[in-house]
Amino acid sequence: MSEVKLLNKGEKFAHASVGAINAFEGKQFLKDATGATSCEISFGSLPCGTAVPFFHCHKNNEENYIILSGSGKFQIDNEVFDIAEGSVIRVATGCSRNLKCTSEAPLTYICIQARENSLGEFTMTDAEITESENLM
Ligand code: ZN
């Protein structure tokens, strides 16, 4: 089982790591390490032939799964489809979901859980260019 390590933290940021993605094992949630207030991010990895051991649904949060490596199947209620490295799957509230690894290589993914319909401004409607000194 991989661990989450808090590497450094300031007043306005937290920097955590789960280590090398190709060596990641198990499931880890990052909210407690980073102190995130807008979403819960987790890393997961499923060995060949395995699925998450339960189906689940969410009442208020949508989930966005980003497949980092491997391939497999994703089930949402009674619909099943293929997924692979590079797949991004948004799952709405109120439906059951699960994923299974069918590749030799582990299926490694990120899941971002956030309140459904909470996204207002984003990218350049929320960002502004600042005049910070470049220290890099
Ligand atoms: Zn979930």
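The model is predicted, so local features need pLDDT of at least 70 and side-chain atom pairs count only at pLDDT 80 or more, while totals for chains, interfaces and linings use all residues. Residues are numbered from 1 along each chain as its sequence is written, and side-chain values use heavy atoms, with hydrogens and water left out.

Next, show the open sheet of five strands, in the order β3-β4-β10-β5-β8 with antiparallel pairing. β3 (26-29) and β8 (88-91) stand at the edges with a single partner strand each, so one side of each has no neighbour in the sheet. From one strand to the next the twist averages 15° (axes are lines fitted to C-alpha atoms, and angles run from 0 to 180 degrees between N-to-C directions).

Within this sheet, select residues 61-69 and 107-115: β5 and β10 pair in the antiparallel sense over eight bridges. Glu62 stands opposite Ala114 in β10.

Now go to the zinc ion. Its protein donors (N, O and S atoms within 2.8 Å of the metal, or 3.2 Å for Na, K and Ca; water is not among the atoms, so sites may look incomplete) are His56 (NE2), His58 (NE2) and Glu63 (OE), at 1.9 to 2.1 Å. In sequence the donor residues are spaced H-x1-H-x4-E. His58 is buried, with a relative accessible area of 16%, and Glu63 is buried at 3% (buried means under 20% relative accessible area, exposed over 50%, partly exposed in between; 1.4 Å probe, protein chains only).

The core has 14 residues, and Tyr65, Leu99 and Tyr109 have the most contacts inside it. β5, β8, β9 (97-101) and β10 each give two or more residues to this core; the largest share, three residues, comes from β10.

Centre on Tyr65: beyond its neighbours within four places in sequence, its contacts (heavy atoms within 4.5 Å) include the residues His56, Phe74, Val88, Leu99 and Tyr109.

Technical notes: Two strands pair if DSSP finds at least two bridges between them. Helices (H or I, at least four residues) and strands (E, at least two) are DSSP runs, numbered from the N terminus. A nonpolar core is a set of buried Ala, Val, Leu, Ile, Met, Phe, Trp, Tyr and Cys residues joined through side-chain atoms within 4.5 Å.
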